[in-house]
Amino acid sequence: MRLLAVLAATCAAAAAFPHSRPPFHRPRHEKIDVAVIGAGPGGSSTAYYLKQFGGSRYDVTVFERNDYVGGRSTTVNIHDDDDYPVELGASIFITENYILQAAVAKFGLDLVDGDFSDPDPNAVPLGVFNGRNFTFVEVDDYSVEEAFGIDPVLATYSTADYVVGQFLQWYNPGVLPIADLSALNAASNLTQATGQYATGLYGNSSFVNVLVSGATRVNYASSIDDITGMGATLTLSGSGDYAVAGGNRQIFKKMVSHSDADLKLETTVVSVYRNNITKKWDVTYWKQDDREIKIKSFDRVVVAAPWYQTGIIMDVANPPENVPYRELWVTIFTTRARPDPTRFGLARGEMVPDSIFTNDFGFTGYTAAGLPQFLSFNIVDYLKEKHEYVYKVFTYQNLSDSDVRAFFANGTKITWTTRKFWNPYPVLSPVTDFGAWEVADGLYYPSIMERFGSCMETAALAGANVAALMVAKDGTNTTAIEL
Ligand SMILES: Cc1cc2nc3c(=O)[nH]c(=O)nc-3n(C[C@H](O)[C@H](O)[C@H](O)COP(=O)(O)OP(=O)(O)OC[C@H]3O[C@@H](n4cnc5c(N)ncnc54)[C@H](O)[C@@H]3O)c2cc1C
């Protein structure tokens, strides 16, 4: 009875509009032009998954203002020698980063251990520094347990496993496309909107306040009471620390090349306007070397970069919220020397840990011990042939050459230095409304995912989701979509 009524209504509508065709789903033969702005993990993944989910239906152009693919996944060569690549941005990922791991396997890339393994048998792996001395030093496998007790450690990790387990369900077949990130997040409350901060989730033990907080400062330039539970979970969870031999950005370069997209490097997009006559998006861009401004029309545009850092003039009635990003400097340098223990409040002859986390010792400029303020200080590699250690230091302020020398005995020779200012990740404060993936009709913004959790994998997941949203809009059945 009900079916008959529906059929009757449909026939009546067809009679009234005999030449109308369904307003949804484009005809299958019609190519859809897509501009992807930004070839970081998010944009590369969008292009890659559009090809995976949509085949040859999409003509994708990727615009990237840098001369390389990877975005904040950036590699530099120590001593300008490509035998010695080092990550200047995103450095590690874990086993549970399924998209990255699948891509590494598919593209035949080699994985290396992202953790530094010190050849010095007396090396101390980790310490937490409070600006004057070390509040925790890991001398062996039992140090954490002895310092903090086993219960808070187990409780913290089991909570983290639970939280990450909830998130990993998003990878189940049929979950993508995620139409509403806010609604899905609200179901499990992974950004701790009510408890507000990570301590609400992980408790108030000294393990959390010293070690976990040190880790959140390394990973997100935020202390434990200043970050969402999900942000803290990303620093705690998972197994293994991996990197791609030669640089993580190769994953994204391969994604773009497998997408068959037209990649335009050193090409900056300057404006995106809706053309009211063609109903397309007019993208204006210029290529650095020829300095010629060009315009091309696209059916869809994906802004795969933090919106307010793109410099693009965008004709959008409801732009995304202007989310604050952290600011930090990464300084990488080489020297044959190890740090001077007396500068870190240690006795002469004691080993300065290879990896130093910090507590939130709340000062600017210099520590009580006279060192430049830093968020983390790490030996990340040892160049055997040159007998040089490679150091990476995260600071809020620019670390000058004399600041670098301050970590070492007088007269130490620093053999190579590079530094870069980053807006590395958003301030990960509690959030309930992430905004829309589709900011305007056909204009997508995967970076809303960054406030949920900011890393290469979440950016790649966001790119895959935007691709899934698009193919769903064009009539593809997405129930079988698998990452
Ligand atoms: C120091 C540092 C350490 C990090 N550590 C880790 C880590 O260990 N593990 C991890 O997983 N993640 C880490 N991250 C985070 C990770 O790099 C980011 O989450 C990820 O790169 C975000 O990807 P995205 O594609 O959204 O943005 P991005 O990587 O920023 O890519 C955006 C791209 O858009 C381009 N672009 C912007 N505007 C324009 C324009 N107008 N025209 C053309 N192109 C434009 C940019 O040049 C850039 O290449 C780190 C980041 C930094 C900076």
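Student: Which residues of helix α8 are buried?
Tutor: F207, V208, N209, L211, V212, S213, G214, T216, R217, N219 and Y220 are the buried residues of α8. Buried means 20 or more other C-beta atoms, placed from the backbone, within 10 Å of the residue's own; 12 or fewer is exposed, and in between is partly exposed. This is a predicted model: local features need pLDDT of at least 70, side-chain atom pairs need 80 or more, and totals for chains, interfaces and linings use all residues. Residues are numbered from 1 along each chain as its sequence is written.

Student: Why is α8 called largely enclosed?
Tutor: 11 of its 15 residues are buried, so the rest of the structure largely encloses α8.

Student: Where is the kink in α8 centred?
Tutor: On V212, with a kink of about 30°. The bend is the angle between axes fitted to the seven residues ending there and the seven starting there. Just after α8, A221 takes a positive phi of about 50°.

Student: Why are β1 and β2 called paired?
Tutor: Pairing needs at least two DSSP bridges. Strands β1 (residues 32-37) and β2 (residues 58-63) have 6, in the parallel sense. I32 has Y58 in β2 as its bridge partner.

Student: Which residue of β13 stands opposite I37?
Tutor: V303. β1 and β13 (residues 300-303) pair in the parallel sense over 4 bridges.

How values were computed: Helix = DSSP H or I, 4+ residues; strand = E, 2+ residues; numbered from the N terminus.
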